[in-house]
Each structure stands twice: as structure tokens, then as C-alpha cells.
Amino acid sequence: MPTYVCVVKAGLLNNLQKHRIAAAITRLHSETTGAPTWLVQVVIDENEQRQRYLSGQPADHQIWIRGDIRAGRTSEQRQRLMLGIVQAVSEISGVEESAIWVYLCSLAPDDMMEYGHVLPQAGKEQAWFEALSSELQQYLTSIRMQNEKIAK
């Protein structure tokens, strides 16, 4: 459901930092919104051909994060989530908080489809999960269990 794309300069992050950033964003999204961790997708995008500019000048020292999340989150939730992401990514990457930009984009749940199903309204994840095939439920449960092991 939520998809976070972190655009960074190629080579800025090592594999451990990428993994830790993905885990932190996943945890923060789940803690802030109540959505299960197995719904959170994080993409680290370090395309060497991409050139970023700010005011017409190269700006490759920044990390830009776009999160497409389901609509219905409060302003307080969105602000707490963005602040948490900035703090965690700064701590993990060593990049100053002022150079980490986060944009949250709210989409109506029925504007998204995953696992072959239109997504549920916020708070209706369990009923949605229970309507999935047993095979898909097992797969998603295994992802959750892997995340819990990593978090420990």
C-alpha cells in the first residue's frame, strides 16, 4: 500500500544503510498509521544517469523521499511520520536533516491495486487480508515474521 521512493546519489549509501532505511521507514509507517508492516514498500533509487537540480544548480547531496500513502491520515500523523523519517534517515545516512526532503502524497485506497485486489480503507486491512487466498495470506504472514525477526 504505502510506497516510499528514496532518491539518492549513486554510492551515497552502502547496502547496510539502505536496509536500515527501508526497515526504519517500514517501522515508522506502521507505528504511525497502524498499517501492517507487510504492506509497506520502500524503493532506494540511485540511478546514476539522474541529475537533480535546485534553482538550476546541481543538488546531488540531498535525499528526496516521496511516499504514496492512503488518504485518511490526520495532519498530525503525516507530520509525525515525516519528522520520524527525516530523523531516522539522517541518523542512518549521515546526511543533515535539512538535506532530506519528504513529500507525502495521499491516494484514495480505491486508486490502488496490490496482490490483485483493490486496497481497503484505512483501518479495514484485517478484513481485506482475510478475503485473500490462503496462499497469499501465508506469503504476507511470512513477510511480517521476517520483519519482526529483523527488528529484534
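I began with histidine 29, which lies in helix α1. Helices here are DSSP runs of H or I with at least four residues, strands are runs of E with at least two, and both are numbered from the N terminus. I note that this is a predicted model, in which local features need pLDDT of at least 70, side-chain atom pairs count only at pLDDT 80 or more, and totals for chains, interfaces and linings use all residues. Residues are numbered from 1 along each chain as its sequence is written, and side-chain values use heavy atoms, with hydrogens and water left out.

**Entry 1: helix α1**

I looked up the exposure of histidine 29: at 1% relative accessibility, it counts as buried. The terms are buried for under 20% relative accessible area, exposed for over 50% and partly exposed in between, with a 1.4 Å probe and protein chains only. From histidine 29 to tyrosine 4 I read 10.0 Å, C-alpha to C-alpha, across 25 residues of sequence.

I then checked the length of α1, which covers residues 15-33. The expected span of a helix is 1.5 Å times one less than its number of residues. For the 19 residues of α1 this gives 27 Å, and the end C-alpha atoms are 27 Å apart, so the two agree.

Which residues of α1 are buried? I listed Gln17, Lys18, Ile21, Ala24, Ile25, Thr26, Leu28, His29, Ser30, Thr32 and Thr33. For reading such a list, I recall that an α-helix has 3.6 residues a turn, so residues three or four places apart point the same way.

Threonine 26 is also found in α1, and its relative accessibility of 12% makes it count as buried. I found a polar atom of the threonine 26 side chain 2.8 Å from the backbone oxygen of alanine 22. A polar contact is a pair of N or O atoms within 3.5 Å; within protein, one must be able to donate a hydrogen and the other to accept it, and residues adjacent in sequence count only if both atoms are side-chain atoms. Between threonine 26 and glutamine 137, 111 residues apart along the chain, the C-alpha separation is 19 Å.

I inspected both ends of the helix. At its start, a side-chain oxygen of asparagine 14 comes to within 3.0 Å of the backbone nitrogen of leucine 16. Just after α1, glycine 34 adopts a positive phi of about 85 degrees.

**Entry 2: positive phi outside glycine**

Serine 55 is not a glycine, yet I read a positive phi of about 55 degrees for it. Serine 55 sits in the loop between β3 (53-54) and β4 (57-58). Its relative accessible area is 72%, so serine 55 is exposed.

Tyrosine 115, likewise not a glycine, has a positive phi of about 55 degrees. I placed tyrosine 115 in the loop between β7 (113-114) and β8 (117-118). With a relative accessible area of 34%, tyrosine 115 is partly exposed.

I also looked at the strands on either side of that loop. Methionine 113 belongs to strand β7 and, at 55% relative accessibility, counts as exposed. Histidine 117 has its place in strand β8 and counts as partly exposed at 32% relative accessibility. The C-alpha atoms of histidine 117 and methionine 1 are separated by 11 Å, although these residues are 116 apart along the chain.

**Entry 3: the second largest pocket**

I noted a volume of about 190 Å³ for the second largest pocket. How do the residues of its lining divide into nonpolar, polar and charged? I read three nonpolar, three polar and five charged. Ala, Val, Leu, Ile, Met, Phe, Trp, Tyr, Cys and Pro count as nonpolar, Asp, Glu, Lys and Arg as charged, and the others, Gly among them, as polar.

**Entry 4: the whole chain**

I recorded four helices and eight strands, in the order β-α-β-β-β-β-α-β-β-β-α-α along the sequence. The C-alpha atoms fill a box of roughly 50 × 30 × 30 Å, taken along the principal axes. Of the 152 residues in the chain, 39% are buried.

Key
1 Å grid on protein atoms, 1.4 Å probe; cavity = no way out; pocket = protein on both sides within 12 Å on 5 of 7 lines; lining within 4 Å. Points joined across faces, edges and corners; volume = space filled by probe spheres on them.
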